[in-house]
Amino acid sequence: MKFIVSSKSLLSQLQIISGVINNNNTLPILDHFLFDLDSNKLTITATDLETTISSSISVDSDLTGKIAIPAKLLLDTVKTFPEQPLTFSKNENHTIEISSTHGKYALAYANADEFPERTTIKDSVNLKINGDSLAKAIEKTIFASGNDDLRPVMSGVFIQLSSTGLTFVATDAHKLVKYERSDIKTDKTSELIIPKKPLNLLKSVLLGKESDVAINHNISNIEFKFDNYILTCRLIDGKYPNYEAVIPEENPNILTIERISFLNSLKRVGIFSNKTTHQVRLKIAGTEIQVSAEDIDFSNKADERLTCSYNGIDIQIGFNARFLVEMIGNLESEEIRFELSSPNKAGLIFPNDGLNDGELITMLVMPVMLNN
């Protein structure tokens with residue numbers, strides 16, 4: 001087994017697929033990249049058993065073969081090279097030798113037979129979606145998903161595919177984001193819960209890419225194919241909560257405000273909030289909103305007033321400043337619309353502009369009890 005590859009091309013692929021490798025693996029083979037050489041095509045694979053990602057690059061060779069190379073050692077080595085051809089040669093003493101313009105480096109490899117095989121998806125449902133559109137849907141929702149091991153279904157993103165459109169939902173029970181695309185449809189209705197790790201990998205690779213992503217899935221696994229990548233992951237098993245039931249329908253108090261000024265105000269005032277609750281108080285009346293926070297334990301206090309457009313009764317309501325900053329910071333609109341009903345019911349946030357045709361974002365945030 002011998003091939004020549006560009007150091008820059010190899011590094012870009014290794015950096016992406018290494019994102020799937022865990023820091024502490026129970027199986028030593030999972031600390032390796034699988035190199036599968038087929039003449040002038042090299043396929044590199046990494047897995048953590050739940051998620052597997054492969055990438056193919058062109059190399060100079062007319063041979064075939066498979067070996068598993070230690071991921072961290074290889075990545076740390078390739079990072080140091082300027083752009084140049086690297087020659088990989090398999091030796092008799094169970095090492096792979098890398099030759100560069102500077103010297104030679106030998107790494108002990110593992111048998112490729114030990115590397116886990118990729119899950120094949122049978123009886124699958126197929127869909128094609130624009131890469132950047134998929135990345136945007138992930139970006140707009142994934143931050144709201146939970147981290148509770150006792151509720152694994154809420155640690156992923158819920159995806160509904162149907163003839164009426166595509167819906168992404170994420171929630172941690174304190175905040176919820178629902179992202180809808182009415183312009184992306186499928187013939188068959190499907191409901192999936194995808195873990196965060198593969199979605200973060202997809203987002204990092206697909207943002208800004210216009211190439212299509214072919215999606216195949218069955219009840220237990222999903223596969224994404226695009227450009228020279230294949231990503232397969234296991235779906236989270238379970239029933240997602242009825243998120244529609246928690247979205248309040250009647251919200252007569254409507255606040256419209258410039259997004260960036262409100263966001264910056266929340267960031268500043270939130271610094272002075274209680275370090276446990278991060279509570280900020282919103283007092284809305286007329287054309288003015290008062291944003292305030294207090295940490296009684298340390299005598300810290302902040303108070304700001306902003307102009308807004310408001311239609312509703314005077315209201316005081318408390319929210320976790322971190323949640324609001326995270327949600328509003330994830331939007332791109334000039335203005336946002338806050339819809340409220342009462343101080344003990346969830347508030348809804350919508351972008352007033354900046355969306356494409358067929359795109360809709362609904363954000364929900366639960367209030368916190370105000371300290372009098």
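The buried residues of helix α2 (residues 71–79) are covered by several elements, including α1 (7–17), β2 (32–38), β5 (64–70), β6 (85–90), β7 (95–99) and β8 (104–108). The model is predicted; local features need pLDDT of at least 70, side-chain atom pairs count only at pLDDT 80 or more, and totals for chains, interfaces and linings use all residues. Residues are numbered from 1 along each chain as its sequence is written, and side-chain values use heavy atoms, with hydrogens and water left out. Helices (H or I, at least four residues) and strands (E, at least two) are DSSP runs, numbered from the N terminus.

Ala71, Leu74, Leu75, Thr77 and Val78 are the residues of α2 that are buried. Buried means under 20% relative accessible area, exposed over 50%, and partly exposed in between (1.4 Å probe, protein chains only). In helix α4 (residues 196–206), the buried residues are Lys196, Pro198, Leu199, Leu201, Leu202, Val205 and Leu206.

The largest nonpolar core has 98 residues. Such a core is a set of buried Ala, Val, Leu, Ile, Met, Phe, Trp, Tyr and Cys residues joined through side-chain atoms within 4.5 Å. Phe33, Phe35, Leu74, Phe88, Phe224, Phe262 and Ile289 touch the most other members. Helix α6 (residues 321–329) gives the most to this core, with 6 residues. A second, separate core holds 14 residues, among them Met154, Leu176, Leu348 and Leu364. Contact means heavy atoms within 4.5 Å. Leaving aside neighbours within four places in sequence, the contacts of Phe88 include Phe3, Val5, Leu10, Phe35, Ile69, Leu74, Ile96 and Ile98.

Strand β19 (residues 288–295) is largely enclosed by the rest of the structure, because 6 of its 8 residues are buried. Strands pair if DSSP finds at least two bridges between them. Strand β18 (residues 279–285) pairs with β19 in the antiparallel sense over 5 bridges. Arg281 stands opposite Ser292 in this pairing. The β18–β19 hairpin has 2 residues between its strands, and Gly286 in the turn has a positive phi of about 65 degrees. Strand β20 (residues 300–307) runs antiparallel to β19 and is joined to it by 8 bridges. Here Glu294 faces Lys301. The hairpin of β19 and β20 has 4 residues between the strands, with Ser299 at a positive phi near 55 degrees.

Positive phi also occurs at Ser39, about 55 degrees, although Ser39 is not a glycine. Ser39 is in the loop between β2 and β3 (41–47). Ser39 is partly exposed, with a relative accessible area of 28%. His278, also not a glycine, has a positive phi near 55 degrees. The loop between α5 (259–270) and β18 holds His278. His278 is buried, with a relative accessible area of 12%.

The structure holds 2 cavities of 30 Å³ or more. On a 1 Å grid over the protein atoms alone, a cavity is a set of points where a 1.4 Å probe fits but cannot get out; lining residues have an atom within 4 Å of a point. Grid points are joined across faces, edges and corners, and a volume is the space filled by probe spheres set on the points. The largest cavity contains about 70 Å³ of space. Its lining includes Leu127, Ile159, Phe168, Leu192, Ile222 and Phe224. At least two lining residues come from each of β9 (125–130), β10 (156–162), β11 (165–171), β13 (190–195) and β15 (221–226).

Terms used:
1 Å grid on protein atoms, 1.4 Å probe; cavity = no way out; pocket = protein on both sides within 12 Å on 5 of 7 lines; lining within 4 Å.
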